[in-house]
There are 2 protein chains.
Amino acid sequence: AGDAEAGKAKSGMCVACHGTDGNSLAPMYPNLAGQHAQYLEGAIKAYRDGQRTGGTAVMMAPMAANLSDQDAADLAAYFSQQKLKQK
Amino acid sequence: AGDAEAGKAKSGMCVACHGTDGNSLAPMYPNLAGQHAQYLEGAIKAYRDGQRTGGTAVMMAPMAANLSDQDAADLAAYFSQQKLKQK
């Protein structure tokens, strides 16, 4: 299972687009806060493994390229536990 | 731009997994409530156009296959305006 504290420590490269707390900085980037960890973990691996292409995969595939399965789980745990800011 | 009311009327096929209000029924399915419309619209089109593969694309690609660009925008508008239920 993912470790949210470890995920936070690994999240540096995520925050330019997704925000330090998973509330993204521009509407083309998805919010991660409050999303299911299982979904996020699968998304990271799908980018890494070349199963998600098109759109922002041009950014996400290289971001994910060197992440281990544990890294993916940790990042997913961290962002899923953040609070989505809603209108 | 998307029309949320039209999107709601078109959302019948989405709700078995994503919920009537975009709060998904199982953690393998992403919440859509509170997500950016621009991101959701792009995701639907990426599934439709075969750019997102792997994982649940086996379900999403056929769901999206017959959606127009306007359908994608309408659905994105609807789900983005729903409220995410947070712990």
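How many helices and how many strands make up the secondary structure of chain A? Select chain A: its secondary structure comprises five helices and zero strands, where helices (H or I, at least four residues) and strands (E, at least two) are DSSP runs numbered from the N terminus. The model is predicted, so local features need pLDDT of at least 70 and side-chain atom pairs count only at pLDDT 80 or more, whereas totals for chains, interfaces and linings use all residues. Residues are numbered from 1 along each chain as its sequence is written, chains are lettered from A and ligands numbered from 1 in the order in which they are written, and side-chain values use heavy atoms, with hydrogens and water left out.

**Chain A as a whole**

Along the sequence, chain A reads α-α-α-α-α. Its C-alpha trace spans about 35 × 30 × 20 Å along the principal axes. The radius of gyration of chain A is 12 Å, in agreement with the value near 12 Å for a compact globule of 87 residues; the radius is taken over C-alpha atoms, and the globule rule is 2.2 Å times the number of residues to the power 0.38. Of the 87 residues in chain A, 45% are buried (buried means under 20% relative accessible area, exposed over 50%, partly exposed in between, with a 1.4 Å probe and protein chains only).

**M59(A)**

Next, select M59(A), which lies in helix α4 (residues 57-64) of chain A. This residue is partly exposed, at a relative accessible area of 32%.

**Helix α4 of chain B**

Now move to residues 57-64 of chain B, which form helix α4, and highlight the buried residues A57(B), M60(B) and A64(B). Viewed down the axis of α4(B), the buried residues fall within an arc of 65 degrees, so they line one face of the helix; the arc is that of the directions from the helix axis to the C-beta atoms. An α-helix has 3.6 residues a turn, so residues three or four places apart point the same way. On the face turned away from the buried side of α4(B), select the exposed residues V58(B) and P62(B). Then display α2 (15-18) and α3 (37-48) of chain B, against which the buried residues of α4(B) pack.

**Q35(B)**

Finally, select Q35(B), in the loop between α2 and α3 of chain B. Is Q35(B) buried or exposed? With 6% relative accessibility, Q35(B) counts as buried. Apart from neighbours within four places in sequence, Q35(B) is in contact with P30(A), N31(A), L40(B) and S80(B), contact meaning heavy atoms within 4.5 Å.
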